[in-house]
Amino acid sequence: MTIKSKLEKEQLTSMSNLAKASYLLRSGSVIAIPTETVYGLAGNIYNPDSIKQIYKIKQRPYTSPLIVHTCSLSRAEELVAEFHPLARVLAQRFWPGPLTLLLEKNNKVPDYITSGHSRVAVRVPSHPMTLELLRSLPFPLAAPSANPFGYISPTTKEHVRKQLGSKIRFILDGGSTHCGLESTIVGFEGERVIIYRLGGIAQETLEEVVGEIDRYVKADVQHKYPPVPGATSRHYSPNTQLEVGNLDTLLKKYSKRSLGVLAYKTPVEGITKKYQVVVSRKGCLKEAAKNLFSALHYLDQLEVDQIIAPYFPNYGLGITINERLSRADNVTKRIDL
Ligand code: TXA
Ligand code: MG
């Protein structure tokens with residue numbers, strides 16, 4: 001170890017976690033940060049080397065752009081050419097929070113952040129620690145979810161450590177994320193508001209504020225913009241085989257295999273406690289959303305032959321949960337729209 005790196009190590013040990021995170025980001029490192037949705041793999045948007053590291057660590061294709069995180073609406077405004085009036089309404093109501101807005105960027109945002117697209121995805125996360133971190137930095141942070149490309153998103157420090165621990169210098173511990181699903185991504189075409197990715201804010205909740213919203217469908221040729229890359233292929237998958245459907249039918253189908261069960265309110269009969277996760281005993285979709293990815297991480301490390309999961313009630317956050325589960329399902333053949 002050189003004298004310089006020894007000194008740096010000593011300094012880092014005596015710093016608070018937030019100061020350490022801030023120092024490392026300023027010096028170009030990529031670190032994991034908590035948000036209210038999932039943990040992110042963060043770097044300075046103006047440092048091309050940091051951004052390269054993010055893609056390398058995540059093994060993510062450069063065609064998939066990164067969400068930019070800022071600490072306030074006014075900081076977000078500095079990055080866009082024009083803040084769509086409906087975007088402003090949504091930002092005022094839901095920021096800080098799990099909402100990402102796709103807006104025409106200005107030339108302060110490097111093209112490598114948006115993979116060459118004209119729009120930038122921007123959000124103000126509500127995790128208090130990360131908000132404080134963002135306020136302390138003279139630059140916004142690009143942060144995709146801190147998981148290898150295509151795997152389940154991390155909702156605890158431990159998930160990040162297991163998946164990427166050897167590749168990053170620091171994980172800022174902010175506890176379990178309280179929303180548990182990635183942000184809802186919304187774009188605008190004229191007066192239309194379009195959901196590009198379902199997420200931690202339900203469509204109905206957004207509609208209470210801006211009226212009817214469309215869901216992006218690739219087959220709908222009317223769209224001016226390409227789909228959110230990565231949002232239509234198989235994603236969020238565990239390594240173990242996972243099938244989603246009616247639990248009784250799946251229990252019969254896989255009766256000869258060792259099973260891990262993700263259940264909504266009540267455990268299924270005939271499967272030991274250790275091999276089941278009930279995501280919300282009181283039947284609350286918000287709680288189920290918070291526990292969903294954690295349950296998948298847990299079941300995946302049990303090394304069973306097969307994981308099974310039910311579809312959830314198809315309203316509110318249940319729609320996002322069902323969408324995540326159907327894309328995590330690596331048994332059923334899916335046709336992307
Ligand atoms: O909750 C979240 O959004 C988390 C936390 C860390 O903020 N981040 C997250 O990032 O989920 P990521 O990279 O895993 O997913 C972002 C999605 C990707 O599908 C990406 O292609 C899309 O957003 N995206 C990002 N920038 C975009 C842009 N300029 N145009 C179109 N799609 C974009
Ligand atoms: Mg992701």
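A caution before the details: the model is predicted.

I'll start with the sheet of nine strands. The sheet is open, its pairing is mixed, and the strand order is β1-β2-β6-β3-β5-β4-β7-β8-β9. At the edges stand β1, residues 31–33, and β9, residues 214–215; each has a single partner strand, so one side of each is left without a neighbour in the sheet.

Further in, take β7 and β8. Strand β7 covers residues 184–189 and β8 covers residues 192–197; the two are antiparallel and joined by five bridges. If you want a pair to find on the screen, E189 stands opposite R192 in β8. Strands in general pair through backbone hydrogen bonds, either parallel or antiparallel.

Helix α5, residues 85–94, lies across β7, β8 and β4, and runs at about 155° to β4.

Now the cores. In soluble globular proteins, nonpolar side chains tend to be buried together. Here the largest nonpolar core has 61 residues, and which of them touch the most other members? They are L90 and L101. Leaving out residues up to four places away in sequence, L90 touches W95, L99, L101, V186, F188, V193, L206, V209 and V210. There is also a second, separate core of 29 residues, with V38, L262, V279 and L296 among them.

Next, the other sheet. Four strands form an open sheet in the order β10-β13-β11-β12, and the pairing is parallel. β10 and β12 are the edge strands, each pairing on one side only. Ignoring direction, neighbouring strands here are turned by 15° against each other on average. Between β11 and β12 there are three bridges, and V261 stands opposite Q276 in β12.

Helix α10 lies across β10, β11, β12 and β13, at about 170° to β11. The helix has 16 residues, 285–300, and spans 22 Å from its first C-alpha to its last, close to the 22 Å expected. Where is the kink in α10 centred? On N291, with an angle of about 40°.

Several residues of α10 are buried, including L285, A288, L292, F293, L296 and L299. An α-helix has 3.6 residues a turn, so residues three or four places apart point the same way. What covers the buried residues of α10? The cover includes the strands β10, β11, β12 and β13, as well as the helices α7, residues 157–164, and α11, residues 317–328.

That is the end of the tour.

Terms used:
Residues are numbered from 1 along each chain as its sequence is written. Chains are lettered from A and ligands numbered from 1 in the order in which they are written. This is a predicted model: local features need pLDDT of at least 70, side-chain atom pairs count only at pLDDT 80 or more; totals for chains, interfaces and linings use all residues. Side-chain values use heavy atoms; hydrogens and water are left out. A nonpolar core is a set of buried Ala, Val, Leu, Ile, Met, Phe, Trp, Tyr and Cys residues joined through side-chain atoms within 4.5 Å. Buried means under 20% relative accessible area, exposed over 50%, partly exposed in between (1.4 Å probe, protein chains only). Contact means heavy atoms within 4.5 Å. The expected span of a helix is 1.5 Å times one less than its number of residues. The bend at a residue is the angle between axes fitted to the seven residues ending there and the seven starting there. Two strands pair if DSSP finds at least two bridges between them. Axes are lines fitted to C-alpha atoms, for helices over the stretch in contact, and angles run from 0 to 180 degrees between N-to-C directions.
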